[in-house]
Amino acid sequence: MTTLHEPVVTTTPADLSVWPASTTEPRPGDLAVGGVPLAEVADRFGTPVYVLDENEVRERCRTYRHAFPDTEVLYAAKAFLCRAMVHWTEEEGLGLDVCSAGELELAVTTGFRPERIVLHGNAKSPRDLETALRLGVGRIVIDSPSEIARLAAAVGPDGHQKVMVRVVPGISAGGHEKIRTGTDDQKFGLSIADGYAQHAIARILDQPQLELTGLHCHLGSQITSVKPYLAAVRRVVGLMARLHEQHGLVLPELDLGGGHGIAYRPGEAALDLTALARRVRAELSDACAAAGLPVPRLIIEPGRAIVGPAGIAVYRVLAVKRTGDHTFVAVDGGMSDNPRPALYGVRYAPRLIGRASGEPSAPVTVVGRHCEAGDVLAAEVRLPSDLRPGDLLAVPVAGAYHLSMASGYNLVGRPPVTAVRDGHARLLVRRESLDDIRRRDVGL
């Protein structure tokens, strides 16, 4: 029997499959995450606002450590980074993968040990390299031949720096052409097929202050099949075998990057981590045995798969407009806090929160406030037909590549980031204010 104190649940488990595990519906239409009603977060911190479930982030870190017990797991900071995220990652036993002096300095000044950080990037600036050497970063991933001489000169004849080489295995994988990085026709890495990778490695071996520890590759993002990773293992181990023949070189590390796909809407596919770990281990062992090589230590770099499903973006409806056969629901954010739909055609599943609706759903397009026709957050999604200004919409799977890709378009200011845990919400990153914007503008 239901008592007055028991919540009435109107949402099915399938509806919440892409939400954090802590998501509940204490009252019809009012979702809570980490024990905190999302409507309460919106009222307290304003909208738009990002909400991160701390326990979800930590649990996803643990899932990786359990699935890959003999693997070095590096959190890919580009997905989302702040001091709290650095702290959570460190406490859960993960390393860090960074791609700029800014990400590196934020991590180290938060207390993260630099020797557990890997710096990569296709065009590292002098400041990136200087900061990495000054702070003692663990490994630097060389992405182009020109970096070899620059890095060797910066290290100096008496210095020492561990490096890896990013190679391109010639494999097409990923959810969109703009996020496929394992093919020979994009800006990252050195091709195995045309010999550029082997040539660069030979040059590194001539630099005694650079210690080559392994090979690095990254196939792309939003990969939901294990097969591309297995193909990458075979091709990179094949290169390792040729290097052993030519130089007597035995490399102790192999970094397979990240790109592990997640579901953004109920029913979408996600990469099976257990299958990935089991099959990659087996493929690596078999390939090395066939080549007569010892098995290198595996490194992986998940980012989106750790923080993406832990985040929610909450917006307030500003206007509802019916134009011909279309209904547009305009919210107080948009492409300045989430450019991914405009860049990649990503689709989300927003929902009304903060009140229950007894009205049937209808197809609407959720749009942002910016002066661009392409400022669309969710096209043709079904939401209650009585949506009105003042309502709140929550977008799940908003933890990765939202704030990290946010812009200053229309000078609206970037949203704050809050964390929820055990019934409490706290501010991690404050809202960017008009005063912040004015202070950067120093001249007339």
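Figure 1. C61 counts as buried, at 0% relative accessibility. This is a predicted model, and the structure holds 0 disulfides. For C61, the closest cysteine sulfur belongs to C82 and lies 12 Å away, which is too far for a bond. C99 is in no disulfide either; the nearest cysteine sulfur to C99 is again that of C82, at 16 Å. With a relative accessible area of 29%, C99 is partly exposed.

**Figure 2. Surroundings of H120.** H120 sits in the loop that runs between β7 (117–119) and α5 (126–135). The relative accessible area of H120 is 8%, so this residue counts as buried. A polar contact of 2.9 Å joins the side chain of H120 to the side chain of D97. Leaving aside residues up to four places away in sequence, H120 touches K78, D97, V98, C99, V141 and R166.

**Figure 3. The stacked aromatic pair Y64 and F68.** A search of the whole structure finds 2 aromatic pairs. In the pair of Y64 and F68, the ring centres are 6.2 Å apart and the planes are at 15°; the pair is therefore stacked. Y64 is buried, at 1% relative accessibility. F68 is buried as well, with a relative accessible area of 2%.

**Figure 4. The edge-to-face aromatic pair Y264 and Y348.** The rings of Y264 and Y348 are 5.5 Å apart, centre to centre, with 85° between the planes. This geometry is edge-to-face. The pair links distant parts of the chain, the two residues being 84 residues apart. Y264 is in the loop between β12 (253–255) and α9 (273–291), while Y348 is in the loop between α11 (340–344) and β16 (351–353). Both residues of the pair, Y264 and Y348, are buried.

**Figure 5. Helix α7 and its cover.** Helix α7 spans residues 196–205. The buried residues of α7 are A197, Q198, A200, I201 and I204. They lie on the same side of α7, because the arc they cover around the axis is only 165°. An α-helix has 3.6 residues a turn, so residues three or four places apart point the same way. The cover over the buried residues of α7 includes the helices α6 (145–155) and α8 (227–247). It also includes the strands β8 (139–142), β9 (161–168), β10 (190–191) and β11 (210–216).

Figure 6. K227 is exposed, with a relative accessible area of 59%. K227 and D97 are 130 residues apart in sequence. The C-alpha to C-alpha distance between K227 and D97 is 24 Å.

**Figure 7. Confidence along the chain.** The protein chain has an average pLDDT of 92, and 93% of the residues score at least 70. For residues 1–9 the pLDDT is below 50. Beyond near neighbours in sequence, this stretch has 8 contacts in the model. Residues 178–183 also have a pLDDT under 50; for this segment the model has 30 contacts beyond four places in sequence.

Terms used
Residues numbered from 1 in each chain as written. Predicted model: local features only at pLDDT ≥ 70, side-chain atom pairs only at ≥ 80, totals over all residues. Heavy atoms only, no water. Buried < 20%, exposed > 50% of the residue type's maximum accessible area, 1.4 Å probe, protein only. Helix = DSSP H or I, 4+ residues; strand = E, 2+ residues; numbered from the N terminus. Arc of directions from axis to C-beta. Contact = heavy atoms within 4.5 Å. Polar contact = N/O pair within 3.5 Å; in protein donor to acceptor, adjacent residues only side chain to side chain. pLDDT = per-residue confidence, 0-100. Disulfide = S-S within 2.5 Å. Phe/Tyr/Trp six-rings, centres within 6.5 Å; stacked < 30°, edge-to-face > 60°.
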